[in-house]
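Biologist: Please take one part of this model and go through it closely. I would like to hear about the aromatic rings.

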Amino acid sequence: MQLPRYIAHRGLSKHAPENTLAAIQAAADAGCEWVELDVQCLGDGTAVIWHDESVDRCSDGQGTLIDMTRDQIRHLDVGSWFSPDFRGERMALLDEALSLISALELGVNLELKINPGHDPVELANTAVHRARQVLPLDRLLVSSFDMNALESARAQDEKLALGLLYEAIPRRWASDAQRLRPVSVHADWTQLDQERLIEIQSAELALLCYTVNDPERFASWWDHGVSGVITDDPALFDSRYQRRTRGDGSRKPR
Ligand code: G3P
Ligand code: MG
């Protein structure tokens, strides 16, 4: 699988409310080829694109996802907190996000986000099943901090591309890799360690770093074998990804 050099974090979250259909569309409008999105389940089992444990930070409501149903979240405005331009944006269901990604011919790094009280196996089973119905293998990368979630994902599909997600890469990464057979390791770039990077390169796995919004400070890491970054704004790295006007309907040539 050809992993991209730039992945738009939570969609193009510099320019649109994170993890929304608008952020996916904005990424495509800017010419991005891949987006990273967080997926988790509501209390009624509906899979949605959302990062936090609660809706408090990024909506006009309050409450934890695990206590909410699909009907309840559909009433939330998840755009106004970001800008009045996005007023009325609704929380994206996983199925809606996958349809849009498919229509826009994007790739997705789908992060299985296991917040407290959530079941990693339920999420992995639901999300991987849905994603595989819609997207081809070469445009889907499933990652998680939760190794149990990745284990369930692997059990579902032997060919699925997996990414081991860590903050600082732990010594045990190699045993995780042996068990889960990932294509990539994802790490917090502020906690990179050269020794681990050499090990990952020797194992011929890709290393993706998050969330990189300071190209100058990051620059030297490219020489240490980093293959890509997850960033709120790929245009920080390459001006060809300049944002276009929202919803102008056009795509930049690849
Ligand atoms: O997948 C990389 C990155 O998204 C992990 O951190 O908290 O932004 O989901 P977070
Ligand atoms: Mg994430």
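Modeller: Here is a walk through the aromatic pairs. This is a predicted model, where local features need pLDDT of at least 70, side-chain atom pairs count only at pLDDT 80 or more, and totals for chains, interfaces and linings use all residues. Residues are numbered from 1 along each chain as its sequence is written, and side-chain values use heavy atoms, with hydrogens and water left out.

W81 is partly exposed at 33% relative accessibility. F82 is partly exposed too, at 28%. (Buried means under 20% relative accessible area, exposed over 50%, partly exposed in between, with a 1.4 Å probe and protein chains only.)

Next come F145 and Y210. Their centres lie 6.2 Å apart with planes at 85°, so they are also edge-to-face. F145 sits in the loop between β5 (140-144) and α5 (147-156), and Y210 in strand β8 (residues 206-210), so the pair ties together parts 65 residues apart in sequence. (Helices, H or I, of at least four residues and strands, E, of at least two are DSSP runs, numbered from the N terminus.) F145 is partly exposed at 35%, whereas Y210 is buried at 13%.

Finally, Y6, W189, F218, W222, F237 and Y241 make up one aromatic cluster.

Key:
Chains are lettered from A and ligands numbered from 1 in the order in which they are written. Rings of Phe, Tyr and Trp (its six-membered ring) pair if their centres lie within 6.5 Å; planes under 30 degrees apart count as stacked, over 60 as edge-to-face and the rest as tilted.
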